[in-house]
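Biologist: I am new to this structure. Please take me through it by question and answer.

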Amino acid sequence: MSNKETSIISSWLTNAAAWIDIISRQGIASRTLATNKAIIDAVMEQHPKSVLDLGCGEGWLCRELVKQGVQVTGTDISPELIRKAGETTDGKFFVASYEDISAGHFIFENRFDVIVINFALLGKESVENLLSKLPSLLLPGGVLLIQTLHPIVRIAMGDYTTGWKEGSWDGLGEQFVQPYQWYFRTLEDWLDLLVKSGFSAVQHTTVSHPETAAPLSLILACRTT
Ligand SMILES: C[S@@+](CC[C@H](N)C(=O)[O-])C[C@H]1O[C@@H](n2cnc3c(N)ncnc32)[C@H](O)[C@@H]1O
């Protein structure tokens, strides 16, 4: 595993308590304004019985889906986040890295109607390897839903090129430490990667700020047929 991928994991292990705290007090404005509802709606539009939430964090999305009668399974690299998810949510939660899943070291008992990944694809090789594994974890007709930072946001920054970018925790508070580099993909490169991973039909939707209409996130809905 590259040093950059290791740094991402190390940062999340270190910041787990800060993440539980900020989510519990709804401390990220874009989430409460738009992106939480957008991903819940995108999942529920599929009328799933079973959902796998990869990089599920402390489990907020699984909790919302359980309220609507969905059977949820969540995985994350952080034992602290998975403990929190298991304590607060009626679902199955496992500590598993993307590397464990793509290498077949972590085996799921069943396949899923929907796999959802909400703001949790942060690296390069880890993401490439994980995505190519996911078609085999979906039931026939199943859908992979990814919510990520809208790539357009980087055009205004004058750097719209795929590659590793400096990260920061700006705006989230001083309790967050160890910022890490993350791997940015242009929209074209997201679509290309998903097709190479075995998803032949990929739709993309922009989630916008409800008042300013500024793009906040991109939701990719990916099918194998
Ligand atoms: C921004 S948080 C999003 C958490 C959750 N999906 C949500 O919407 O609140 C990113 C998550 O990805 C997880 N993560 C990062 N790299 C990972 C890896 N290589 N394997 C598994 N989980 C990983 C982190 O532990 C963290 O919970």
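Modeller: Buried means under 20% relative accessible area, exposed over 50%, and partly exposed in between, with a 1.4 Å probe and protein chains only. This is a predicted model, where local features need pLDDT of at least 70, side-chain atom pairs count only at pLDDT 80 or more, and totals for chains, interfaces and linings use all residues. Residues are numbered from 1 along each chain as its sequence is written, and side-chain values use heavy atoms, leaving out hydrogens and water.

Biologist: Which residues lie closest to the ligand?

Modeller: A residue is near a molecule if one of its heavy atoms lies within 4 Å of it. The ligand is surrounded by 19 residues. Both α1 (3–14) and α6 (98–102) supply at least two residues of this shell. The closest are Arg31, Gly55, Asp76, Tyr98 and Asn118.

Biologist: How far is the polar side-chain atom of Asp76 from an oxygen atom of the ligand?

Modeller: A polar contact is here a pair of N or O atoms within 3.5 Å. For Tyr98, a backbone N or O atom lies 2.9 Å from a nitrogen atom of the ligand. In Asn118, a side-chain N or O atom is 2.8 Å from an oxygen atom of the ligand. For the side chain of Asp76, the distance to a ligand oxygen is 2.6 Å.

Biologist: Where is Phe119 found, and is it buried or partly exposed?

Modeller: Most residues other than glycine have a negative phi. Phe119 is not a glycine, yet its phi is positive, at about 50°. Phe119 is found in the loop between β4 (112–118) and α7 (125–133). Its relative accessibility is 28%, so Phe119 counts as partly exposed.

Biologist: What is the relative accessible area of Gln178?

Modeller: Gln178 also has a positive phi, near 55°, in a residue other than glycine. Gln178 lies in the loop between β6 (163–165) and β7 (182–184). Gln178 is partly exposed, and its relative accessible area is 36%.

Note on methods
Polar contact = N/O pair within 3.5 Å; in protein donor to acceptor, adjacent residues only side chain to side chain. Helix = DSSP H or I, 4+ residues; strand = E, 2+ residues; numbered from the N terminus.
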